[in-house]
Amino acid sequence: QVQLVESGGGLVQAGGSLRLSCAVAGRSFSAYALGWSRQAPGKNREFVVAISASGTITYYVDSVKGRFTVSKDNAKNTVYLQMNSLKPEDTAVYYCGARRSGILSGTYYYKEGDYDYWGQGTQVTVSS
């Protein structure tokens with residue numbers, strides 16, 4: 001079983017930055033591909049960012065390209081989402097997901113249905 005715990009959310013002004021963390025409890029973290037999705041009030045959940053098990057291959061949805069950066073620390077069992085130049089439309093609950101892939105695999109997954117485990121989410125609010 002894999003458990004994911006997100007942290008780092010909060011309230012920030014437009015143009016500001018936040019770094020989200022997702023601590024993953026379970027074995028073989030280096031074999032898991034990870035991703036982040038978000039759900040804004042009244043909207044469908046949107047998949048935002050993915051990273052391969054190796055941590056070297058990433059995917060970003062167009063709306064966050066150039067502003068968000070995902071990274072994976074296999075030694076700390078943690079994935080990070082650095083969010084810069086935040087906009088009010090980034091306001092959402094952010095969820096971290098994990099999917100068993102292959103040890104240090106370069107494959108990423110960009111659909112929510114591809115993920116087996118999800119955390120409880122962390123709220124990000126960007127004020128204008």
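This is a tour of a predicted model, taken one selection at a time.

**Stop 1: the disulfide**

Select cysteine 22 and cysteine 96, which form a disulfide with their sulfur atoms 2.2 Å apart. Cysteine 22 belongs to strand 3 (residues 18-25) and cysteine 96 to strand 9 (residues 92-100), so the pair links distant parts of the chain, 74 residues apart. The link of cysteine 22 and cysteine 96 is left-handed, with -85° about the S-S bond. The count for the model comes to one disulfide. Are the two cysteines buried or exposed? Cysteine 22 has 0% relative accessibility and therefore counts as buried; cysteine 96, also at 0%, is buried as well.

**Stop 2: the nonpolar cores**

Now select Trp36, Phe68, Leu81, Met83 and Tyr94, the residues with the most contacts inside the largest nonpolar core. That core has 30 residues. Strands 3, 4, 5 (46-51), 7, 8 (78-83), 9 and 11 (122-127) each supply at least two residues of this core. Another core, of five residues, lies apart from the largest one.

**Stop 3: alanine 33**

Keep alanine 33 selected; its place is in strand 4 (residues 32-39). Alanine 33 counts as buried because its relative accessibility is 0%. Leaving out residues up to four places away in sequence, show what alanine 33 touches: Ile51, Ser52, Ala53, Gly97, Ala98, Arg99, Ser101, Thr107, Tyr109 and Tyr115. For a distance to draw in the viewer, take the C-alpha atoms of alanine 33 and tyrosine 80, which are separated by 13 Å. Along the chain these two residues are 47 residues apart.

**Stop 4**

Select strand 5 next. Five of its six residues are buried, so strand 5 is largely enclosed by the rest of the structure.

Strand 4 pairs with strand 5 in the antiparallel sense, over five bridges. Within this pairing, serine 37 stands opposite phenylalanine 47 in strand 5. The two strands form a hairpin with six residues between them. Select glycine 42 in the turn: it has a positive phi of about 75°.

How many bridges join strand 5 and strand 6? There are three, and the sense is again antiparallel. Valine 49 stands opposite tyrosine 60 in strand 6. The hairpin of strand 5 and strand 6 has six residues between the strands, and glycine 55 in this hairpin takes a positive phi near 80°.

**Stop 5: the aromatic cluster**

Show the side chains of Phe47, Tyr59, Tyr108, Tyr110, Tyr115 and Trp118, which ring pairs link into a cluster. The count for the model is six aromatic pairs. Zoom in on tyrosine 59 and tyrosine 108: the ring centres are 5.8 Å apart and the planes stand at 20°, so this pair is stacked. The pair links distant parts of the chain, with tyrosine 59 in strand 6 and tyrosine 108 in the loop between strand 9 and strand 10 (117-118), 49 residues apart. Tyrosine 59 counts as partly exposed because its relative accessibility is 23%. At 29%, tyrosine 108 is also partly exposed.

**Stop 6: charges over rings**

Which residue lies over the face of tyrosine 95? Select arginine 45, found at 3.9 Å from the ring centre. Then go to phenylalanine 29, where lysine 72 lies over the ring face at 4.3 Å from the centre.

**Stop 7: aspartate 73**

Neighbours within four places in sequence aside, aspartate 73 is in contact with Phe29, Thr78 and Tyr80. With 23% relative accessibility, aspartate 73 counts as partly exposed. The C-alpha atoms of aspartate 73 and alanine 98 are separated by 14 Å, and the two residues are 25 residues apart along the chain.

**Stop 8: arginine 67**

Finish with arginine 67, in the loop between strand 6 (58-60) and strand 7 (68-73). Is arginine 67 buried or exposed? The relative accessibility of arginine 67 is 10%, so this residue counts as buried. Setting aside residues up to four places away in sequence, arginine 67 touches Gln82, Met83, Asn84, Ser85, Leu86, Lys87 and Asp90. Of these, Met83 was already selected at the largest core.

Key
Residues are numbered from 1 along each chain as its sequence is written. This is a predicted model: local features need pLDDT of at least 70, side-chain atom pairs count only at pLDDT 80 or more; totals for chains, interfaces and linings use all residues. Side-chain values use heavy atoms; hydrogens and water are left out. Helices (H or I, at least four residues) and strands (E, at least two) are DSSP runs, numbered from the N terminus. Buried means under 20% relative accessible area, exposed over 50%, partly exposed in between (1.4 Å probe, protein chains only). Contact means heavy atoms within 4.5 Å. A disulfide is a pair of cysteine sulfur atoms within 2.5 Å. Rings of Phe, Tyr and Trp (its six-membered ring) pair if their centres lie within 6.5 Å; planes under 30 degrees apart count as stacked, over 60 as edge-to-face and the rest as tilted. A charge sits over a ring if NZ of Lys or CZ of Arg is within 6 Å of the ring centre and within 35 degrees of the ring normal. A nonpolar core is a set of buried Ala, Val, Leu, Ile, Met, Phe, Trp, Tyr and Cys residues joined through side-chain atoms within 4.5 Å. Two strands pair if DSSP finds at least two bridges between them.
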